[in-house]
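Open the model in your viewer and keep the selection tool at hand.

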Amino acid sequence: MKSFMIQGARILATGSAVPNSRLNNNQVSQIVQTSDEWIFSRTGIKERRLLTGDNQSIVDLAALASTKALNSTLLQASDIDLIILATSSPNDLFGSASQVQAKIGAKNAVAFDLTAACSGFVLGLVTAYQFLCSGSYRNILVIGADVLSKWTDWSDRSTCILFGDGAGAVIIQSCSKKENSILGFQLNTDGSYANHLSISYQQEVNAHPILNLYQGSFKYISMNGKEVYKFAVSQVPLSILKCLKSLNISVNDIDWLLLHQANERILNVVAEKLSISSTKIIANLNKYGNTSAASIPLALDEAIKENKISDNDIIVISGFGAGLTWGTVVLKWSSILLK
Ligand code: ACO
């Protein structure tokens with residue numbers, strides 16, 4: 001633990017990983033009663049990736065995304081001080097972050113999971129930022145990874161069309177306040193609507209005969225799509241506006257709008273409400289569907305690899321989802337330390 005001093009933070013590198021197995025809309029229509037036309041027109045999704053087979057887990061995806069990020073810096077895995085794995089689908093309820101730590105050889109890193117559904121990456125980034133600004137840690141790996149295909153009811157056409165598996169990672173490093181690229185954030189939770197989107201725990205009917213203890217297991221994803229849609233298109237623009245106002249940045253200054261990739265209609269409505277040109281929307285959900293905590297770092301990594309984002313670009317990132325949770329981070333992009 002180093003001395004307490006206010007610093008800044010900058011993103012050094014990004015990486016991502018998706019499973020090889022693809023499932024397109026026509027293939028989904030062989031499993032449930034739906035069609036490519038319905039799915040694409042309502043969501044913008046064409047296909048998604050699924051972690052199939054029995055020899056891979058979320059840890060493999062998260063580790064691959066992390067290694068790709070690390071390999072584009074001059075850092076070694078042993079230079080990482082902290083790993084935050086944002087996920088709602090760990091392979092161990094006690095957490096998967098420590099398995100990622102072991103797999104990538106980040107032997108000096110503290111590692112923990114953070115559960116906040118599709119807002120997980122935004123919350124992970126903001127959490128990392130606190131540790132960096134306080135001077136506690138220098139290099140932090142933030143991963144968003146989810147394999148919601150494992151928690152999807154593949155007979156429910158209202159949800160199984162939406163989700164896909166993936167992982168995205170960023171390495172953030174502390175820096176001087178002048179070089180700071182995380183300009184600000186705005187976070188929210190409203191637990192009174194938690195039932196709109198959940199993977200809830202179901203108790204067994206009978207208690208343990210001696211202990212009067214009810215055990216159980218987690219169910220599949222259940223979602224009230226209409227309510228989640230209404231929540232996203234009303235609350236996300238407000239969060240962005242609040243965040244921009246606190247930073248004295250105008251909507252016109254935004255170069256890129258990077259929202260959680262839930263539904264193309266949500267992306268378009270949020271951009272319209274903010275009068276942001278659709279050319280500034282970063283979107284890749286046609287290829288991957290909704291990858292939950294992975295969707296933002298996966299889309300960010302792709303946009304960087306496609307050279308879309310330039311130095312000093314202002315990127316507005318917003319996550320939203322189960323909880324309900326939602327929030328915004330505003331970045332000023334700088335690629336100075338990339339190899
Ligand atoms: N194929 C064909 N028909 C379908 C399908 C399907 N896959 N799913 C539903 N329908 C039918 C319904 O049964 C309904 O039929 P009816 O009118 O005869 O009753 C009709 O299509 C309309 O259904 P709606 O649910 O009203 O469809 P809607 O236009 O709202 O679109 C959708 C549904 C795409 C799920 C939309 O509500 C949505 O995207 N909501 C947001 C979901 C979201 O973003 N969730 C993730 C949050 S992130 C996280 O934390 C995990």
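A helix crossing is called right-handed if the near helix is turned clockwise from the far one by less than a right angle, and left-handed if the turn is anticlockwise. Keep in mind that this is a predicted model.

**First stop: α7 and α8**

Select residues 225–247, which form helix α7, and residues 264–273, which form helix α8. The two pack at an angle of about 40 degrees, and their axes are 9 Å apart.

Now show side chains at the contact. From α7, display Tyr229, Ala232, Val233, Ser234, Val236, Pro237 and Ile240. Their partners in α8 are Arg265, Ile266, Val269, Val270 and Lys273. Sorted by class, this contact of α7 with α8 holds nine nonpolar residues, one polar residue and two charged ones.

**Second stop: α3 and α4**

Move to helix α3, residues 58–71, and helix α4, residues 97–104. Here the packing angle is about 50 degrees, with the axes 9 Å apart. That angle makes α3 oblique to α4. The crossing of α3 with α4 is right-handed.

Which residues of α3 meet α4? Select Val59, Asp60, Ala62, Ala63, Ser66, Thr67 and Leu70 in α3; they meet Gln99, Val100, Lys103 and Ile104 in α4. By class, the contact of α3 with α4 comprises six nonpolar, three polar and two charged residues.

Start with threonine 34, where a polar side-chain atom lies 2.6 Å from a nitrogen atom of the ligand. Next take arginine 42: an N or O atom in its side chain is 2.6 Å from an oxygen atom of the ligand. Asparagine 263 likewise has a side-chain N or O atom 2.6 Å from an oxygen atom of the ligand.

Asparagine 212 has a positive phi of about 55 degrees, although it is not a glycine.

Finish in the loop between β14 (314–321) and β15 (325–332), where leucine 324 lies. Check the peptide bond from glycine 323 to leucine 324: it is cis, with omega near -10 degrees.

Conventions. Residues numbered from 1 in each chain as written. Predicted model: local features only at pLDDT ≥ 70, side-chain atom pairs only at ≥ 80, totals over all residues. Heavy atoms only, no water. Axes fitted to C-alpha atoms, helices over the stretch in contact; angles between N-to-C directions. Helix = DSSP H or I, 4+ residues; strand = E, 2+ residues; numbered from the N terminus. Parallel < 35°, antiparallel > 145°, perpendicular 65-115°, else oblique. Contact = heavy atoms within 4.5 Å. Nonpolar A, V, L, I, M, F, W, Y, C, P; charged D, E, K, R; others polar. Polar contact = N/O pair within 3.5 Å; in protein donor to acceptor, adjacent residues only side chain to side chain.
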